[in-house]
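User: I would like to learn how to read a protein model feature by feature, with the general idea given before each case. Could we work through one together?

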Amino acid sequence: MTPKKYESVASHEQEPRLKTSIRPAAIEDVDFIFSLDEQARIASIGQGYSPERMHEVKTDITEKLVNPRYATEIIMCENTPAGMVMSDNEPDPIDPSNIVIPKDGTIAMTTEDVADLLSDKAGVSNRKHILSLALDEKYRNQGIGKTAMQELLAAIDPQESITITFDTGRNNVPMQKLAKYFGFTLVGLNEESDDAYGGEKIIGVWHRPSIAELQRQQETRNQSEEAEIDTLRQSLDEI
Ligand SMILES: CC(C)(COP(=O)(O)OP(=O)(O)OC[C@H]1O[C@@H](n2cnc3c(N)ncnc32)[C@H](O)[C@@H]1OP(=O)(O)O)[C@@H](O)C(=O)NCCC(=O)NCCS
């Protein structure tokens, strides 16, 4: 078993009511991780895995646990496993031609900008794909997801920009709220549907700009506002 980078107890300004900690996942956790995965599947499509598929899924989880490319943590509540988070720290490239810009995006980005974020061109060194973030049903909506997310982002300097991707249902409000809470904005969608989830799953590209990037965006906004004011002044002068 590959040793993990850290073992820590996470805390958050909005402390969850239950005592929460996070520890690296071990092989003994495979059944628990599988049960969360199956729970999510049942919630989405109303059925679990067939016995053959169950074996494949457990093998896949086991392989990821020993592969340093992936980081898997178990979220503990009062010494009981309550959830898990698995991330891919070297995510595969996303085909830019599949990226769609969301209609309600609040950061003005083009498809090319988002494609650059997902490649090395944008110079964004921090990129993660969240393969899974799931809590057992009875532990949800108590601030524990925030603690897990905080741990996931702990190693990243808040001054640096980061792009995360995760696939989730279009109507998954808690997961989307969680990303927004940590300063992320949805900048792209990879609408390759996942048939296993009835085509409802989408991969969202979420970006949290660095301080320098925020300043550049603000300058661009100021410049366009100044240009608008100039145009207005000119029109008024002409009247
Ligand atoms: C998604 C998930 C990890 C979020 O964790 P959580 O502990 O339930 O969320 P938190 O309590 O930390 O709350 C996060 C935000 O979502 C909101 N929220 C939580 N549950 C909600 C619900 N059922 N309906 C609406 N909003 C909800 C919270 O109010 C909070 O918003 P705020 O920032 O405005 O306060 C958890 O709900 C879960 O395991 N869901 C099932 C698996 C899943 O969908 N995973 C995501 C796919 S990658």
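User: At what angle do H4 and H5 pack, and how far apart are their axes?

Analyst: Before the answer, a word on the source: this is a predicted model, in which local features need pLDDT of at least 70 and side-chain atom pairs count only at pLDDT 80 or more, while totals for chains, interfaces and linings use all residues. Residues are numbered from 1 along each chain as its sequence is written. Helices (H or I, at least four residues) and strands (E, at least two) are DSSP runs, numbered from the N terminus. Axes are lines fitted to C-alpha atoms, for helices over the stretch in contact, and angles run from 0 to 180 degrees between N-to-C directions. Here H4 and H5 pack at about 50 degrees, and their axes are 10 Å apart. That makes H4 oblique to H5, given that angles under 35 degrees count as roughly parallel, over 145 as roughly antiparallel, 65 to 115 as roughly perpendicular and the rest as oblique.

User: What is the handedness of the crossing of H4 and H5, and which residues of the two helices meet?

Analyst: A crossing is left-handed if the near helix is turned anticlockwise from the far one by less than a right angle, and right-handed if clockwise; that of H4 and H5 is right-handed. Two residues are in contact if their C-beta atoms, placed from the backbone, lie within 7 Å, and here Gly145, Lys146 and Met149 of H4 meet Pro174, Leu178 and Tyr181 of H5. By class, this contact of H4 with H5 holds 4 nonpolar residues, 1 polar and 1 charged, where Ala, Val, Leu, Ile, Met, Phe, Trp, Tyr, Cys and Pro count as nonpolar, Asp, Glu, Lys and Arg as charged, and the others, Gly among them, as polar.

User: How many residues of H4 are buried, and against what do they pack?

Analyst: A residue is buried if 20 or more other C-beta atoms lie within 10 Å of its own, exposed if 12 or fewer, and partly exposed in between, with C-beta atoms placed from the backbone. In H4, 8 of the 10 residues are buried, so H4 is largely enclosed by the rest of the structure; among them are Ile144, Thr147 and Leu152. The buried residues of H4 pack against strands S1 (20–24), S2 (70–77) and S3 (80–88), as well as S5 and H5. For the protein, 25% of the 239 residues count as buried.

User: Which residues come nearest to the ligand, and which element gives the largest share of the shell?

Analyst: A residue is near a molecule or strand if its C-beta atom, placed from the backbone, lies within 6 Å of it. Of the 22 residues around the ligand, Arg140, Asn141, Gly145, Pro174 and Lys177 come nearest. Two or more residues of the shell are given by each of strand S5 (126–135), helix H4 (144–153), strand S6 (162–169) and helix H5 (173–181), and H5 has the largest share, with 6 residues. The shell around the ligand divides into 12 nonpolar, 7 polar and 3 charged residues.

User: Where is glutamate 78 found, and what is its phi?

Analyst: Most residues other than glycine have a negative phi. Glutamate 78, which is not a glycine, has a positive phi of about 45 degrees and is found in the loop between S2 and S3. Asparagine 79, also not a glycine, has a positive phi of about 65 degrees, and its place is in the loop between S2 and S3. Glutamate 78 counts as exposed because it has 10 C-beta neighbours inside 10 Å, and asparagine 79 counts as exposed with 8.

User: At roughly what angle do the axes of H1 and H2 cross?

Analyst: The axes of H1 (residues 30–45) and H2 (residues 51–65) cross at roughly 120 degrees and come within 10 Å, and the two helices are therefore oblique to each other. H1 passes H2 in a right-handed crossing.
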